Amino acid sequence: MLRDNLIMLRNTCGFSQEQIAEKIGISRQAYAKWESGKTIPDIEKCSLLAEIYGVTVDSLIKTQELDGKVMMPAPKGKNLWGTVTLNERGQIVIPKAARDHFGLSEGQRLVLMSDDDEGFALVPAEMFEKKIAALSEFIPKP
(Lines give C-alpha, C1' and ligand atoms only; values in the text may rest on other atoms or scores of the structure.)
Protein backbone atom coordinates (compact mmCIF):
# COMPACT_ATOMS: atom_id res chain seq x y z
CA MET A 1 0.00 0.00 0.00
CA LEU A 2 2.40 2.69 1.20
CA ARG A 3 5.16 1.65 -1.15
CA ASP A 4 2.81 1.66 -4.15
CA ASN A 5 1.51 5.11 -3.22
CA LEU A 6 5.05 6.46 -2.80
CA ILE A 7 6.03 5.19 -6.25
CA MET A 8 2.87 6.53 -7.92
CA LEU A 9 3.07 9.94 -6.27
CA ARG A 10 6.78 10.42 -6.90
CA ASN A 11 6.46 9.49 -10.57
CA THR A 12 3.31 11.57 -11.06
CA CYS A 13 5.00 14.62 -9.52
CA GLY A 14 8.14 14.03 -11.60
CA PHE A 15 10.59 13.70 -8.71
CA SER A 16 13.56 11.38 -8.46
CA GLN A 17 14.14 9.32 -5.33
CA GLU A 18 17.11 11.55 -4.58
CA GLN A 19 15.02 14.74 -4.81
CA ILE A 20 12.40 13.43 -2.38
CA ALA A 21 15.06 12.10 0.00
CA GLU A 22 16.74 15.51 0.00
CA LYS A 23 13.43 17.29 0.72
CA ILE A 24 12.83 15.19 3.85
CA GLY A 25 16.45 14.94 5.00
CA ILE A 26 17.28 11.28 4.42
CA SER A 27 19.51 9.33 2.05
CA ARG A 28 18.29 8.15 -1.35
CA GLN A 29 18.97 4.57 -0.19
CA ALA A 30 16.66 5.00 2.80
CA TYR A 31 13.91 6.32 0.55
CA ALA A 32 14.46 3.48 -1.92
CA LYS A 33 13.87 1.00 0.93
CA TRP A 34 10.48 2.58 1.56
CA GLU A 35 9.52 2.18 -2.10
CA SER A 36 10.72 -1.43 -2.09
CA GLY A 37 8.76 -2.18 1.08
CA LYS A 38 11.86 -3.24 3.02
CA THR A 39 11.29 -0.51 5.62
CA ILE A 40 8.63 2.10 6.35
CA PRO A 41 8.95 5.77 7.30
CA ASP A 42 8.13 7.00 10.78
CA ILE A 43 5.05 9.17 11.28
CA GLU A 44 7.04 12.42 11.05
CA LYS A 45 8.47 11.42 7.68
CA CYS A 46 5.00 10.33 6.53
CA SER A 47 3.74 13.78 7.47
CA LEU A 48 6.52 15.43 5.44
CA LEU A 49 5.84 13.17 2.46
CA ALA A 50 2.11 13.92 2.62
CA GLU A 51 2.88 17.64 2.65
CA ILE A 52 5.23 17.39 -0.34
CA TYR A 53 2.71 15.39 -2.37
CA GLY A 54 -0.31 17.44 -1.24
CA VAL A 55 -2.20 14.46 0.20
CA THR A 56 -3.28 13.41 3.68
CA VAL A 57 -1.21 10.99 5.74
CA ASP A 58 -4.20 8.66 5.71
CA SER A 59 -4.39 8.57 1.91
CA LEU A 60 -0.61 8.17 1.74
CA ILE A 61 -0.59 4.96 3.77
CA LYS A 62 -3.83 3.40 2.49
CA THR A 63 -4.63 2.05 -0.95
CA GLN A 64 -7.97 2.99 -2.47
CA GLU A 65 -9.61 0.88 -5.14
CA LEU A 66 -12.33 1.77 -7.58
CA ASP A 67 -13.88 -0.95 -9.70
CA GLY A 68 -10.97 -3.25 -8.82
CA LYS A 69 -8.30 -0.75 -9.87
CA VAL A 70 -5.83 0.83 -7.46
CA MET A 71 -6.29 4.60 -7.36
CA MET A 72 -3.69 7.26 -6.69
CA PRO A 73 -4.07 9.02 -3.32
CA ALA A 74 -6.32 12.06 -3.58
CA PRO A 75 -5.11 15.57 -2.77
CA LYS A 76 -6.19 17.05 0.57
CA GLY A 77 -9.87 17.91 0.56
CA LYS A 78 -10.55 15.90 -2.59
CA ASN A 79 -12.49 12.67 -2.32
CA LEU A 80 -13.33 9.77 -4.55
CA TRP A 81 -16.72 8.39 -3.52
CA GLY A 82 -17.05 5.64 -6.10
CA THR A 83 -19.14 5.33 -9.22
CA VAL A 84 -22.83 5.96 -9.83
CA THR A 85 -25.12 4.65 -12.53
CA LEU A 86 -27.57 6.76 -14.46
CA ASN A 87 -30.99 5.09 -14.50
CA GLU A 88 -33.54 5.17 -17.34
CA ARG A 89 -35.03 8.42 -15.99
CA GLY A 90 -31.61 10.12 -15.87
CA GLN A 91 -31.34 9.87 -12.10
CA ILE A 92 -28.31 8.97 -10.02
CA VAL A 93 -27.94 7.99 -6.40
CA ILE A 94 -25.22 9.86 -4.50
CA PRO A 95 -23.28 7.35 -2.36
CA LYS A 96 -24.26 7.40 1.32
CA ALA A 97 -20.73 8.19 2.50
CA ALA A 98 -20.75 11.32 0.30
CA ARG A 99 -24.24 12.35 1.47
CA ASP A 100 -23.15 11.93 5.10
CA HIS A 101 -19.87 13.80 4.54
CA PHE A 102 -21.67 16.82 3.06
CA GLY A 103 -24.76 16.59 5.25
CA LEU A 104 -27.10 16.10 2.29
CA SER A 105 -30.65 15.04 3.03
CA GLU A 106 -33.75 14.03 1.10
CA GLY A 107 -35.35 16.92 -0.74
CA GLN A 108 -32.29 19.16 -0.51
CA ARG A 109 -31.77 21.33 -3.59
CA LEU A 110 -28.52 20.96 -5.51
CA VAL A 111 -27.20 23.14 -8.33
CA LEU A 112 -25.83 21.22 -11.33
CA MET A 113 -22.89 23.01 -12.98
CA SER A 114 -20.80 21.83 -15.90
CA ASP A 115 -17.70 22.41 -17.96
CA ASP A 116 -17.82 20.98 -21.48
CA ASP A 117 -14.29 19.63 -21.15
CA GLU A 118 -14.32 18.47 -17.52
CA GLY A 119 -17.81 17.17 -16.73
CA PHE A 120 -20.22 18.38 -14.09
CA ALA A 121 -20.49 19.07 -10.37
CA LEU A 122 -23.28 19.26 -7.84
CA VAL A 123 -23.24 22.05 -5.25
CA PRO A 124 -25.76 22.56 -2.43
CA ALA A 125 -28.07 25.37 -3.59
CA GLU A 126 -27.69 27.31 -0.32
CA MET A 127 -23.91 27.44 -0.73
CA PHE A 128 -24.18 28.44 -4.38
CA GLU A 129 -26.69 31.19 -3.60
CA LYS A 130 -24.48 32.60 -0.80
CA LYS A 131 -21.49 32.77 -3.15
CA ILE A 132 -23.55 34.47 -5.86
CA ALA A 133 -24.86 36.99 -3.32
CA ALA A 134 -21.29 37.71 -2.15
CA LEU A 135 -20.15 38.21 -5.76
CA SER A 136 -23.05 40.55 -6.50
CA GLU A 137 -21.60 43.04 -4.00
CA PHE A 138 -18.77 43.67 -6.48
CA ILE A 139 -21.07 44.40 -9.42
CA PRO A 140 -21.52 48.16 -9.93
CA LYS A 141 -25.07 49.39 -9.43
CA PRO A 142 -26.54 51.55 -12.28
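Read along the sequence, the protein follows the pattern α-α-α-α-α-β-β-α-β-β-α. That gives seven helices and four strands. Both kinds of element are DSSP runs, numbered from the N terminus: helices are H or I with at least four residues, strands are E with at least two.

This is a predicted model, in which local features need pLDDT of at least 70 and side-chain atom pairs count only at pLDDT 80 or more, while totals for chains, interfaces and linings use all residues. Residues are numbered from 1 along each chain as its sequence is written, and side-chain values use heavy atoms, with hydrogens and water left out.

**Overall dimensions**

The C-alpha trace spans about 60 × 45 × 30 Å along its principal axes. The radius of gyration is 21 Å, whereas a compact globule of 142 residues would have one near 14 Å. This radius is taken over C-alpha atoms, and the globule rule is 2.2 Å times the number of residues to the power 0.38.

**Two helix pairs**

Axes here are lines fitted to C-alpha atoms, for helices over the stretch in contact; angles run from 0 to 180 degrees between N-to-C directions.

| Helix pair | Axis distance | Angle |
|---|---|---|
| Helix 1 (residues 2-13) and helix 3 (residues 28-36) | 7 Å apart | about 120° |
| Helix 2 (residues 17-24) and helix 4 (residues 43-53) | within 10 Å | roughly 120° |

Take helix 1 and helix 3, which pack at about 120°. Helix 1 brings Arg3, Leu6, Ile7 and Arg10 to the contact, and helix 3 brings Tyr31, Trp34, Glu35 and Ser36. Contact means heavy atoms within 4.5 Å. By class, this contact has four nonpolar, one polar and three charged residues. Ala, Val, Leu, Ile, Met, Phe, Trp, Tyr, Cys and Pro count as nonpolar; Asp, Glu, Lys and Arg as charged; the others, Gly among them, as polar.

Now helix 2 and helix 4. They are therefore oblique to each other. Angles under 35 degrees count as roughly parallel, over 145 as roughly antiparallel, 65 to 115 as roughly perpendicular, and the rest as oblique. Ile20, Lys23 and Ile24 of helix 2 meet Lys45, Leu48, Leu49, Ile52 and Tyr53 of helix 4. The classes in this contact are six nonpolar, no polar and two charged residues.

**A strand pair**

Strand 3 (residues 110-115) and strand 4 (residues 119-124) run antiparallel, joined by six bridges. Two strands pair if DSSP finds at least two bridges between them. A hairpin links strand 3 to strand 4 through three residues. Leu112 has Leu122 in strand 4 as its bridge partner, and Ser114 stands opposite Phe120.
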